[in-house]
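Please find below a colleague's note on this model.

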Amino acid sequence: MQSSRPDRIRQLLADLVGFNTVSDRSNLPLIAHIESYLAAFGIKGERLVDETGQKASLWVTIGPDDPPGLVLSGHTDVVPVVGQDWSHDPFKLIERDGKLYGRGTTDMKGFVAVCLAMVPEMLEAKLTTPIHLAISYDEEIGCVGVRPMLREIAKKKVRPLGAFIGEPTQMQVIIGHKGKHGVRATFHGLARHSSIAPDGVNAIEYAAELITEIRHRAEKLAAVQSSDSLYDVPHSTLLTSIVHGGAALNIVPDTCTVEFECRGIGITESREVTDAIVAWARAELEPAMKARSADCGIEFEEILDYPALDTAADAAIVTLAKSLAGRNDHAKVAFGTEASLFTSMADIPSVVIGPGSIAQAHTPDEFVEMAELEKCAEFVERLIAHCAKG
């Protein structure tokens with residue numbers, strides 16, 4: 001006898017959670033497990049391996065190849081558990097009081113498990129519009145793995161009609177999120193004994209001037225309130241998040257590293273803001289450093305970059321998502337997703353909708369409620385019916 005849908009979801013989620021796919025590890029065992037599961041239904045995906053040979057994404061088509069289809073997208077990587085106080089093994093699924101505990105249950109293996117659990121229904125339905133599964137890697141460290149996959153999708157003769165990115169939204173339709181650009185600035189000064197400090201170039205002090213400028217610019221951004229009330233923080237944000245520098249109290253520091261980010265409401269605003277800061281530092285700080293020593297200066301390195309998402313509230317993909325979710329509201333969120341890359345890289349209209357709450361993501365004893373997974377399964381069930389009608 002075929003197991004019930006909730007039991008299928010539980011088993012698949014237990015399987016997925018059991019793979020430690022923290023971003024510094026390979027996800028190939030998990031991908032191979034998914035491929036084996038799909039092969040049992042006669043389905044073969046398209047594996048895209050990264051240059052290291054240790055990571056892969058998977059593109060799966062269920063239904064006819066020719067018509068444009070709809071995408072269900074999720075990532076396989078999870079954030080680390082080091083330093084977190086878990087009450088049980090984070091890579092073993094535990095169920096208590098209707099909640100399923102384990103790393104990635106909410107973010108976002110729960111969504112992937114639901115999509116895989118619904119494969120038998122997809123096959124039974126004789127789809128006229130295909131459903132694609134887009135399973136990526138390294139989303140947590142900058143939406144890395146989805147980019148090669150999107151470049152391949154963009155080359156295809158037929159582009160998908162739209163995509164549903166299953167990050168945790170408690171099944172609310174999310175039509176927008178902020179973009180993010182992260183930068184690392186490394187200041188190279190000139191070390192001297194602190195008793196002759198004026199002969200050195202203090203990397204930390206120049207870094208402090210950059211940090212102060214970032215704070216001033218953050219205040220200016222906060223003063224410009226967006227008319228978009230859908231955001232809980234209705235303006236772009238800018239901050240310094242990490243600083244490292246100095247070796248000893250009696251040494252003029254010759255190195256200081258500063259990491260800062262902007263989360264912008266405008267599609268490309270985050271990069272524009274950080275680019276302006278880099279230009280300011282090049283013009284205002286670096287010449288003074290080099291005037292003391294030609295070997296001094298600042299190196300800037302991009303850490304992370306993705307654009308904002310701003311799908312029109314009346315777009316077809318939004319209307320469809322609301323119909324499938326059985327609700328008529330929508331919202332925007334501050335956290336980023338792969339949805340904006342589906343739009344910017346492959347011109348695929350996208351929304352974010354998935355089971356669980358972002359409040360549980362990245363936390364110790366992360367969990368997703370079984371009721372949320374069942375709501376997600378109902379969403380996919382309606383999507384299957386929609387794709388069977390054509």
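1. Residues 175-287 are 35% helix and 28% strand, and their end C-alpha atoms lie 44 Å apart. Helices (H or I, at least four residues) and strands (E, at least two) are DSSP runs, numbered from the N terminus. An unreviewed UniProt entry places the feature "domain: Peptidase M20 dimerisation" at this span; such annotations may be inferred rather than shown by experiment.

2. The model is predicted: local features need pLDDT of at least 70, side-chain atom pairs count only at pLDDT 80 or more, and totals for chains, interfaces and linings use all residues. Residues are numbered from 1 along each chain as its sequence is written, and side-chain values use heavy atoms, with hydrogens and water left out.

3. The domain assignment, automatic or from a database, gives domain 1 (5-177 + 308-388) and domain 2 (179-306). Their centres, taken over C-alpha atoms, are separated by 35 Å.

4. Between them, domain 1 and domain 2 bury about 1,100 Å², 57% of it on carbon and sulfur atoms; buried area is the accessible area (1.4 Å probe) that two parts lose on being put together, summed over both. Ala 308, Lys 332 and Ala 334 supply 49% of the area that domain 1 buries against domain 2, more than any other three residues.

5. In contact (heavy atoms within 4.5 Å) are 18 residues of domain 1 and 13 residues of domain 2.
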